[in-house]
Amino acid sequence: MKPSKAARAAEISARRLRVLGIDIGGTYLKAAVIDARGHMLTERLKLNTPDPCPPTVMLRSLVQLVRPLPAYNRIAIGFPGVVRAGRVVTAPHWGTKPWASYPLAQRLAQRLHAPARLINDAEMQGLAVVRGKGLELVLTLGTGAGTALFRDGQLMPHLELAHHPLHKSDTYNDYIGNQALERVGKKHWNRRIARTIATLAALLNYDHLYIGGGNASRITLRLPRNVSLVSNDAGIEGGAALWRRGALAPL
């Protein structure tokens with residue numbers, strides 16, 4: 001049976017998809033151009049995240065970061081905070097007040113002349129790694145701790161677990177973020193990671209947990225069978241799925 005005209009058109013559009021994937025972090029801004037499957041077509045560029053970083057500074061830095069990259073026709077942005085309908089809701093790293101309701105997707109689309117979509121950074125990483133079976137949780141370890149939850153491949157409502165108390169008065173960010181790693185050292189930090197995994201398993205009873213982010217490489221403990229380490233590049237690679245799921249239609 002031959003595919004329909006609409007199916008053939010969708011396949012051709014997917015082949016032409018070139019996504020500028022942007023991973024915004026508290027420490028680094030990263031970007032690369034990827035194809036429809038999330039494979040990188042360029043090297044990953046990296047720039048220190050400015051501090052302080054209000055929206056205008058962020059926008060200027062992102063434009064500077066991606067300037068050397070070749071042509072793309074879509075943009076996918078992972079942002080470390082709550083986002084909704086292309087706008088930032090919270091920005092814990094830089095202060096929510098100057099960022100609240102900022103239309104980052106729209107502003108970047110205007111500056112870079114391509115349609116843009118915005119999603120939480122842990123969720124964008126999850127789009128690259130989940131298998132679509134059961135309840136899957138993503139935990140990112142970087143400046144802070146991010147989470148994303150999927151059920152049978154579908155993204156669930158965002159939970160800001162990073163700011164929820166985990167141990168005494170410490171939040172996930174306080175307990176396993178980068179400052180905690182530097183303060184207590186890798187050995188003790190790994191014990192904290194083990195306790196965090198146990199807490200998340202009891203809280204969500206997930207089928208599989210994926211751990212990514214820049215500090216995932218610092219994990220030395222023996223992980224449970226249903227826990228996997230994933231590449232930090234997934235924070236960019238997930239941008240392809242963000243556009244594939246909506247074909248090439250506007251968000």
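Helix α7 (178-184) contributes 4 residues to the lining of the largest pocket, the most of any element. Helices (H or I, at least four residues) and strands (E, at least two) are DSSP runs, numbered from the N terminus. The model is predicted, so that local features need pLDDT of at least 70 and side-chain atom pairs count only at pLDDT 80 or more, while totals for chains, interfaces and linings use all residues. Residues are numbered from 1 along each chain as its sequence is written, and side-chain values use heavy atoms, with hydrogens and water left out.

A pocket is an open set of points on a 1 Å grid over the protein atoms alone, where a 1.4 Å probe fits, with protein on both sides within 12 Å along at least five of seven lines; lining residues have an atom within 4 Å of a point. In the largest pocket, 43 residues form the lining, and Gly 26, His 93, Gly 142, Thr 143 and Gly 144 lie nearest its centre. This lining divides into 11 nonpolar, 24 polar and 8 charged residues, with Gly counted as polar.

The largest nonpolar core has 34 residues. Such a core is a set of buried Ala, Val, Leu, Ile, Met, Phe, Trp, Tyr and Cys residues joined through side-chain atoms within 4.5 Å, where buried means under 20% relative accessible area (1.4 Å probe, protein chains only). Helix α2 supplies 7 residues, the largest share of this core. Leu 20, Ile 22, Ile 24, Ile 75, Phe 79 and Leu 104 have the most contacts inside the core, contact meaning heavy atoms within 4.5 Å. Apart from this core lies another, of 24 residues, including Trp 189 and Leu 200.

Key
Buried means under 20% relative accessible area, exposed over 50%, partly exposed in between (1.4 Å probe, protein chains only).
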